[in-house]
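Here's a friendly walk through one protein model. Have a look at it first, then read on.

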Amino acid sequence: TRSGTGKQGKRSILSDTKVAVETRRFHRSNMTLLLTLVSATLLSPLLCTEAVYWDITSKGWRQLEELQSYACAMSTEFIFKEFVRGKPWFCVNPANCSTSDTEPAIIETSKPDYGSCGTLRYNENRTQCCYIGSLNPRLDVPVDDYSVFVLNNLTAREREGLTSLKEYKDFLSGIYENDPRETTRALQRHHVCGLIPAGTVNATTLYVPYLCIEPFRCKDKFPITTPLRFPHGDHFCLRTEQVERTPHYICCHMMAHVKNADPAETWMYKELPARQKWAAGFRSSFMCEQYNRYVCEGESDRCPLRILDRDTAVPGEFPHQALVGVTADRVQFFHCAGGLVSKRFVMSAFDCRTFEGIQANIVLLGDYHLPLYNETYSREMITYVEGHFSKREAHFILLLRLWRSVTFNYLLRPACLDWMPWFDYDYAKNITARNYDFGEGWLTGYGPASRFDSFNATLKRYKFKYSDLKPLQDCVDMIPEAKKIYQFNLLDSDFHICLSNGSRYSPILGQGLDPASSVGFFDMGSPFNILKYYCQWNLYGVSIQQPRSVSLSPILIETFQEKYTFDVLEALIWNDQEFDLLEFNMTVPDCADKDGYNFHNMKFLDKAYSKFYNY
């Protein structure tokens, strides 16, 4: 339960003095007890030229992937140099663990994490460390394959503290070390710009990849069951050309890269190999439509934008909204806003990385009514932050990596992080964030009505028009001197915009409310949203300045439209682990209208693909 209020009305939860200790222990043990799905290729030099075999279904691997964040211990089975291969234990609800006398002993380590399940907060009542073979219901994983996990006490495979499914991706793709096949070389050397489902095997969908290629080479050479060209894929190849200065390419069936094909070649893959190269913008655009599917709850359309008579956000209207905060001894405090952009990442402003010297370490998601807990029409969750990511190319943007994956639904799902108008973009005009007319956008947050008030109880959003943008000078004059020139001059930036004349949205009146009632303050990191597809927001940028009254704009927004900024963010958010073909579904959502009108502008989803997902 929650009690009390913190500074400016932000929540404060009293807890015992173990909070800071447990948080530090969690992050330290996560780095030490890194559980990684790994192939025997790493464990034996004798297996370096052939594929490793696991008899685990795609469902089983998805289950293991979801449980990785909750790993609490391991039982030793095999030791090879710095790697300890063994059977994992996971933090679960006691009702989901059937203990027995046959459980193997837990490995002894320098910093054992056993028992932390009962002390770590925000773990969904997962208070018991349970052996993989004792989970109830049982995983879709054969007993012989329980030992596919590796515990690594060194830094050889920690790589920024991320767990990995890279070796399993290689296994599913059928690609192995020193694989000499032309198809393998084509995938390794070229950027994927499209995917089309084309078959199934063992309850797993198979995909045909499309690659960027010179136009003169895109020809029918061998029999194929999917189109020669991937619709819309040329845009991603062109974007790659801009970012990486590659030759002029188009998006074509991977068959065009092969001179001698095996007669039995199907061109279909369960998964693409780790370290696969992707055309710039493809992953973010593809995932945008995947997120859009979660507006449905079965066959029920849960889009809240059909409710017009309101001047505050309704539950689920901005399901990506987040609050960023800190937790320490006897306090929990949220000092910034942010936006969920994937199952493991929240986007915020760089200055949100600390508060009063404490590093931001928690994120609140899925909430609607701040003073209440687990209220109706919310999917409230608080999760720890396990990593901060910032890059020079991303300027004042901060990415927060969550320690566990978010399960999506219509009340809690990411915003798109999609580069501006991919499919109607005129490259010759060199459109930038400064001169791209986005029409209308919404700044969202729980900002108070005045600088000294408490937070609003519910989410507020203010509408801004492109036609009301101010010159950057108006915003730059209001930020600290140290920020005005940060590896570049803000006044010369093409990817910062200066919002002004915000008004609370009231479509029933057809215009903003009276300016006197349009006052509101927004935390740094507040998302600036543009409506993209049906009921799906695109996170166009975030506020990078201190809270300011909306009616006393301007407000400085850093957008993600600069090509190098976007490329860096896309590579971090949808890395090898996060962009997983096993999780995709390219059919039109179940709640689509009879004629599919509400999802009519989808570029990747298609009703015809449903036959490849009926298993």
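## Salt bridges at a glance

Keep in mind that this is a predicted model. As background, side chains of opposite charge can pair when their charged atoms come close. Here the count comes to 10 salt bridges.

Let's start with Asp234 and Arg229, whose closest N and O atoms sit 2.5 Å apart in a salt bridge. Asp234 is partly exposed at 22% relative accessibility, and Arg229 is partly exposed too, at 37%.

## Pairs across the chain

Next up is Lys343, which makes a salt bridge with Glu583, with 2.7 Å between the closest N and O atoms. This one links distant parts of the chain: Lys343 is in the loop between β12 (331–340) and β13 (345–349), while Glu583 is in the segment after α9 (563–573), 240 residues apart. Lys343 counts as buried because its relative accessibility is 12%, whereas Glu583, at 34%, is partly exposed.

Lys463 and Glu440 also meet in a salt bridge, at 3.8 Å from N to O. Lys463 belongs to strand β20 (residues 460–465) and Glu440 to strand β19 (residues 440–445), so the pair ties together parts 23 residues apart in sequence. Lys463 is buried at 10%, and Glu440 is partly exposed at 31%.

There's a network as well: Arg344, Glu386, Arg401 and Glu578 are joined by salt bridges that share partners.

## A loop residue

Finally, look for Thr376 in the loop between β16 (362–365) and β17 (381–389). Is Thr376 buried or exposed? With 60% relative accessibility, Thr376 counts as exposed. Its C-alpha atom is 9.1 Å from that of Pro315, a residue 61 residues away along the chain.

Key:
Residues are numbered from 1 along each chain as its sequence is written. This is a predicted model: local features need pLDDT of at least 70, side-chain atom pairs count only at pLDDT 80 or more; totals for chains, interfaces and linings use all residues. Side-chain values use heavy atoms; hydrogens and water are left out. Helices (H or I, at least four residues) and strands (E, at least two) are DSSP runs, numbered from the N terminus. Buried means under 20% relative accessible area, exposed over 50%, partly exposed in between (1.4 Å probe, protein chains only). A salt bridge is a side-chain nitrogen of Lys or Arg within 4 Å of a carboxyl oxygen of Asp or Glu.
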